[in-house]
There are 2 protein chains.
Amino acid sequence: MTTLVEVARRAGVSKSTVSNVIQGSAAVAEATRKRVEKAIRETGYRPNAIARSLRARTSHSIGMIVPDLSNPFHAALSVAVERAAKRHGYATLVAHTDCAPDIEIEVSRALFERRVDAVVIAGLSTGSDMPVSLLDNGIPVVLASFGGPSDQRLGSVDHDDIAAMESVVDHLFALGHRKFTFVSQSYAEQSGERRRQGFELALKRRGLVEVQRAQATAVVAHNDLIALDLIDEIERGGRMVPQDVSVTGHDDIPLAAHSRIRLTTVRSDATFMGERAIELVMRAMQAGGHVAHREIYTNPLVVRHTTGAAPQ
Amino acid sequence: MTTLVEVARRAGVSKSTVSNVIQGSAAVAEATRKRVEKAIRETGYRPNAIARSLRARTSHSIGMIVPDLSNPFHAALSVAVERAAKRHGYATLVAHTDCAPDIEIEVSRALFERRVDAVVIAGLSTGSDMPVSLLDNGIPVVLASFGGPSDQRLGSVDHDDIAAMESVVDHLFALGHRKFTFVSQSYAEQSGERRRQGFELALKRRGLVEVQRAQATAVVAHNDLIALDLIDEIERGGRMVPQDVSVTGHDDIPLAAHSRIRLTTVRSDATFMGERAIELVMRAMQAGGHVAHREIYTNPLVVRHTTGAAPQ
DNA sequence: TTGAAAGCGTTACCAG
DNA sequence: CTGGTAACGCTTTCAA
């Protein structure tokens with residue numbers, strides 16, 4: 001593998017000079033610059049980012065922690081994060097956790113050892129103190145698409161789950177539904193918990209309590225993927241959506257709008273959130289501190305055809 | 001940030017000793033080991049992977065190049081790659097290309113500069129010589145879910161697109177279809193081209209030629225996502241699938257089996273391919289060479305409800 | 001305008 | 001068993 005010294009030798013200059021040429025920094029005589037550039041071309045030299053990182057004490061990489069990329073919402077978020085990071089010259093290290101606390105620990109340790117300059121988290125197990133340990137190590141952290149424990153140093157690009165659940169229940173209630181149930185994912189994720197809270201709050205406000213899934217005429221799912229699964233299950237069981245049961249999702253993944261699905265859901269802009277997360281992180285790194293900034297967006301309910309009047 | 005020397009000073013030993021303790025290698029007296037471990041615990045010391053990489057001349061990271069993670073098939077592949085890599089202690093750097101040649105170049109350059117130990121590619125623009133340039137730089141490359149230019153050094157975990165298209169066309173032909181069309185994605189990807197070839201071959205074998213999309217009674221899509229889009233478009237246009245038009249996909253993404261979709265498609269196991277790709281890559285790195293190995297799987301046609309008898 | 005040297009945090013070799 | 005020293009490949013003073 002070609003290194004700086006080889007290029008230098010070839011060009012008959014010192015490595016400092018080669019370095020200067022590459023950085024485009026210090027004034028270098030036109031003639032020498034030419035010689036060096038020629039040597040670089042001839043050898044196909046590419047700077048070793050690892051050596052640079054060691055010297056610069058910054059890896060120019062950011063960590064992306066995601067529960068599960070097979071959720072299209074998370075995939076879109078990751079895509080946005082990676083693209084935005086790349087635009088800034090940062091590489092993205094992805095890691096899945098399935099919201100398993102032990103994996104979360106292992107992963108954050110690995111990211112720390114690799115000295116990522118920041119981490120973006122798309123989902124976390126309830127009660128995880130992983131962000132705090134990252135923060136304590138001086139790594140800026142921003143939560144994307146959810147909020148979190150109220151450490152001041154944290155950044156977050158969040159959406160209002162409580163309001164979202166209120167609008168979902170409101171819509172269903174107006175359609176005459178009184179028997180609600182909430183279905184969350186298999187693992188305990190923070191956003192799931194918050195949506196459940198919002199759901200229960202909205203119910204209580206109307207003097208209702210959650211019923212068993214089998215009794216419900218309105219099923220509120222934690223996200224679109226789960227809603228889709230529920231529709232599948234309900235319809236395979238011989239009942240119809242929305243005639244017998246109404247179902248709502250959350251996220252508005254691309255497929256939700258499909259003519260065969262037409263899912264009533266809450267629209268959340270994963271791409272925007274991913275980009276915004278990187279913006280915040282970049283700004284924080286420039287300032288050499290933590291993000292310490294939260295913003296929260298209110299998402300609109302998108303009414304489609306999986307919700308309808310409550311059966312008599 | 002705590003370093004080895006700080007730990008050493010604290011424990012009153014040399015950094016070599018601390019290093020030895022960490023490596024668990026050279027025999028270290030029980031007493032000193034204890035002291036060192038205590039110092040490590042007290043300082044919360046974590047080795048700097050960047051320094052290690054520089055020294056070891058291996059980054060313990062692999063690059064994952066993917067056209068677009070929002071395709072669930074690619075997402076599943078990436079998940080599998082990342083998980084398998086993590087199991088081996090490797091981090092995964094993901095990069096999207098959208099199959100844009102200029103981004104591909106930029107990305108492979110970035111991965112090379114970061115000295116990834118290998119790269120897994122999930123999709124590539126037609127005619128790209130990016131794998132070759134990586135290979136020439138001594139980086140093992142394996143293509144996952146497609147084949148590629150026939151460089152001997154390449155690895156690939158491929159599926160038989162020609163056979164897949166033959167079975168798709170065979171199925172449709174048996175249902176009475178004679179007017180076929182093929183729809184690929186917006187960008188020119190290698191697997192897309194190959195499937196198109198397989199499709200045309202299968203048609204020719206039956207003495208048929210492709211017709212305009214508007215005339216077709218059988219639409220063969222390059223992948224499930226496109227098939228889903230087509231169904232959406234067709235049904236919004238007032239025609240029915242499969243009564244008026246039959247549609248097939250490729251990949252068998254989770255949603256393909258949904259009760260509202262029931263897509264006839266070719267099943268390809270993204271998770272398996274991702275894992276296998278990492279296996280091959282690990283083996284190659286151990287041997288210090290290129291993968292230079294290809295395997296190709298024949299995928300089954302999964303007949304569901306988006307294909308039916310050709311309209312009279 | 002150029003180059004020598006120090007140092008980033010490790011590991012590995014070799015003396016002691 | 002332990003520690004000194006020399007790399008790994010780069011950037012950055014600081015002199016010349």
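Trainee: Why are β2(A) and strand β2 (residues 91-96) of chain B said to pair?

Mentor: Two strands pair if DSSP finds at least two bridges between them. β2(A) and β2(B) are joined over three bridges, in the antiparallel sense, and therefore count as a pair. Leu93(A) stands opposite Leu93(B). The model is predicted: local features need pLDDT of at least 70 and side-chain atom pairs pLDDT 80 or more, while totals for chains, interfaces and linings use all residues. Residues are numbered from 1 along each chain as its sequence is written, with chains lettered from A and ligands numbered from 1 in the order in which they are written.

Trainee: What makes a stretch of residues a strand or a helix?

Mentor: Both are DSSP runs, numbered from the N terminus: a helix is a run of H or I with at least four residues, and a strand is a run of E with at least two.

Trainee: How many residues of chain A are in contact with chain B, and what makes two residues a contact?

Mentor: A contact requires C-beta atoms, placed from the backbone, within 7 Å. By that rule, 41 residues of chain A are in contact with 41 residues of chain B. On the side of chain A, α4, α5 (72-87), β2 (91-96), α6 (101-113) and α10 (224-236) each supply at least two residues. The most come from α5(A), with eight residues. This side divides into 20 nonpolar, nine polar and twelve charged residues. Here Ala, Val, Leu, Ile, Met, Phe, Trp, Tyr, Cys and Pro count as nonpolar, Asp, Glu, Lys and Arg as charged, and the others, Gly among them, as polar.

Trainee: Which residues come nearest to DNA strand D?

Mentor: Of the 27 residues around DNA strand D, the nearest are Thr3(A), Leu4(A), Ser14(B), Ser16(B) and Ala27(B). Again α2 and α4 of chain A and α2 and α4 of chain B each supply at least two residues. The surface near DNA strand D has 13 nonpolar, nine polar and five charged residues.

Trainee: What is the order of the open sheet of three strands in chain A, and why are its outer strands called edge strands?

Mentor: The order is β6-β7-β8, with parallel pairing. β6 (180-183) and β8 (246-248) of chain A each pair on one side only, and that makes them the edge strands. The twist averages 20° from one strand to the next, where axes are lines fitted to C-alpha atoms and angles run from 0 to 180 degrees between N-to-C directions. β6(A) and β7(A) pair over four bridges, with Val183(A) opposite Ala221(A). Strand β7 (residues 218-221) is joined to β8(A) by three bridges, and Val220(A) stands opposite Thr248(A).

Trainee: How do you know that both faces of β7(A) are covered?

Mentor: A residue is buried if 20 or more other C-beta atoms lie within 10 Å of its own, exposed if 12 or fewer, and partly exposed in between, with C-beta atoms placed from the backbone. Ala218(A) and Val220(A) on one side and Val219(A) and Ala221(A) on the other are all buried, so both faces are covered.

Trainee: What makes a set of residues a nonpolar core, and which members of the largest one touch the most others?

Mentor: A nonpolar core is a set of buried Ala, Val, Leu, Ile, Met, Phe, Trp, Tyr and Cys residues joined through C-beta atoms within 7 Å. The largest has 164 residues, and Val119(A), Val120(A), Val281(A), Val119(B), Val120(B) and Val281(B) touch the most other members. Not counting residues up to four places away in sequence, Val281(A) touches Ile62(A), Ala118(A), Val120(A), Pro140(A), Val142(A) and Val291(A).

Trainee: Why is strand β5 (residues 155-159) of chain B called mostly covered?

Mentor: Four of the five residues of β5(B) are buried. The strand also pairs in the parallel sense with β10 (residues 293-297) of chain B over five bridges, and Ser156(B) has Arg294(B) as its bridge partner.

Key
Near = placed C-beta within 6 Å.
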